[in-house]
Amino acid sequence: MKGYLVLRVIAKLVIPFALLFALYVQFHGDFGPGGGFQAGVIIAAGVIFYALIFGLANARKLVPPRLVEILVALGVVIYGGVGVLGILLGGNYLDYFVLSSDPVHGQERGVFWVEAGVCVTVAGVMLAIFYAFAGRPRRPDPE
Amino acid sequence: MIAIHFPALQVVVPLLAAPLCVIVRNARAAWLIALAVSWAMLYVATGLLAEALSAGVISYRLGSWAPPWGIEYRVDPVNGLLLVLVSFVGAVVMTFSRASVDHEVPRSQHHLFYAAYLLCLSGLLGIAVTGDAFNIFVFLEISSLATYILIAMGRDRRALTASYQYLIMGTIGATFIVIGIGLLYLMTGTLNLADLAQRVPQVEHTRPVLAALAFLTVGISLKLALFPLHLWLPNAYAYAPSMVTAFVAATATKVAVYLLLRFFFTVFGASFVLEQVQVPAILLVLSLAAMFVASTVAIYQDDLKRMLAYSSVAQIGYITLGVSTASATGLTATLVHLLNHGVTKGALFLLLGCMALRVDRVTIASIRGIGRTMPLTTFGVVLGGFSLIGVPTTVGFVSKWYLVLAALERGWWWLAVLILLSSLLAVVYMWRVVEAAYFKEPAPRARKVTEAPLSMLLPAWALVAACIYFGLDTRLTVGVATQAAQLLMGGTP
């Protein structure tokens, strides 16, 4: 896509807003439609858009596959870690009541981190799938 | 203090250790994490079983939400026994795994391999520990997806098709199970197993509940490879890495058997399933078919892993046969054979893993004369074979003894004869191995091999020793199994 100036300029303009919108969807999930899964998909879509316009090699420099693998695992650790925090603070596993002095606020705080974990893992898995498919070596043309 | 969280930790620790393996991205560190977690889980499981035996049912509220609304983890002697079996096999297999996995899996994938193993362990333990029907389905999917990955890691390219075949069959099974659970939820409005047990009898003759029983029976039977739903099993066991075959053969089908027992006896109730719907008659026919057909097919296999896979299908026949006698003795036989076959098959597949390290593909031809060059491994296979056949002083004898007792208790002397006859088929297929290993001239490759390293021999022999030990001292296995069987039958002796 090197020759398409319009596409390159628009992409550079749009991607920051896409990522910002992902954060909005992430944090607004409490009050309206949205949440970790959708936000993760939008973040991944921003990177995939970048890869489509500027090439896979550049995208791999921006978000290395090593980082993607860590993101996939990190989200699970965050999600499960909040549950373990419940045990450490004297409750049961996945007990969010004990995360704050006010039990309702504790639940909100617990779900906040759960959604954060979901966002990280979903973004990671989306990118891992994209890299796996896009990174396959092209077959030579059958002549 | 920490002991009250054991039911949750049983699942959470391996679940969180899996992403940790991915993050450290180092083969040796991942192996150490998986090894430490496996042994820790054995400690947790024995603690849970001991408490369930002395203090009765342990109930744990996930997220402090009261059951039946919240998810409840519930441990009684039945699933306590399963937890110990799964984590024991896991711990032994992990100890064994390093040299074997180094040989069979590319080093760059080791951390992912161990992560998948931990997820599989977590899923299997989760199915056993949870008291929530939908939770069962979720853990079933976790363990199944991890198993597909592990099987596909086999060196032979056919591992991919074997894994794909299992994926299709496993998904059909899981779908049937979730349909069954959905129908139960539709009729009772609850997913908690203990709550279901109270509500199902009020609606038990409605058609959706009967359909739920049918869907659950077929779905779980696919997972436990009940004849004729076993077609995914031989290829999956034959082409998976040795360590995976040993772990999956000793645990996955056993956990599925536990599910069947849990739904039959706890949720639907013994009198409904055994007397009113006539499930035992169907199970009896299928179990007998499994014992004879699968054992006969095993005789004609040249690949030893495939042979033992067919033998597994036959042994599952013995396990379900115990259920079909519809008595507490039969159920004891089922539970005892569940443990005994897990240990026996674990031992045999680990020993085949030792041979695979030296001769790559373990076939009747490639192990000719191997008894001279790998004496310890081969002798272990012979002892494991004794246990499969049911020779006295091995665990196989104990479970067949109780099966025959259950048959005679019902006055079915013909069944006792059939059990003995099918054991003779096991003699035939194990004899082929003994003949090739001891009495044939060594194959050119078998002449040069040396004994497997101690790190593999010791764990494998630990399982062989367990086969003999529990064959002589049956207090632990039969004692707990009797108690669990009585619990399932509803307290009737």
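Okay, let's start with chain A: five helices and zero strands, counting DSSP runs, with helices being H or I of at least four residues, strands being E of at least two, and numbering from the N terminus. So you read the elements of chain A from the N terminus as α-α-α-α-α.

Before I go on, this is a predicted model, so local features need pLDDT of at least 70 and side-chain atom pairs count only at pLDDT 80 or more, while totals for chains, interfaces and linings use all residues. Residues are numbered from 1 along each chain as its sequence is written, and chains are lettered from A and ligands numbered from 1 in the order in which they are written.

Back to chain A. Its radius of gyration is 19 Å, whereas a compact globule of 143 residues would come out near 15 Å. That radius is taken over C-alpha atoms, and the globule rule is 2.2 Å times the number of residues to the power 0.38. The C-alpha trace of chain A spans about 65 × 30 × 20 Å along its principal axes. As for burial, 35% of the 143 residues of chain A count as buried. Buried here is 20 or more other C-beta atoms within 10 Å of the residue's own, with C-beta atoms placed from the backbone; exposed is 12 or fewer, and partly exposed is in between.

Now chain B, with 20 helices and two strands. The C-alpha trace of chain B spans about 70 × 60 × 40 Å along its principal axes, and 63% of the 493 residues are buried.

What's inside? The largest nonpolar core has 238 residues, and B:Cys21, B:Ala34, B:Leu81, B:Leu118 and B:Ala460 touch the most other members. A core here means buried Ala, Val, Leu, Ile, Met, Phe, Trp, Tyr and Cys residues joined through C-beta atoms within 7 Å. Helix H10 of chain B, residues 242-276, gives the most to this core, with 23 residues.

Last, where the chains meet: 14 residues of chain B are in contact with 18 residues of chain A, contact being C-beta atoms, placed from the backbone, within 7 Å. On the chain B side, H1(B) brings the largest share, eight residues.

How values were computed. Two residues are in contact if their C-beta atoms, placed from the backbone, lie within 7 Å.
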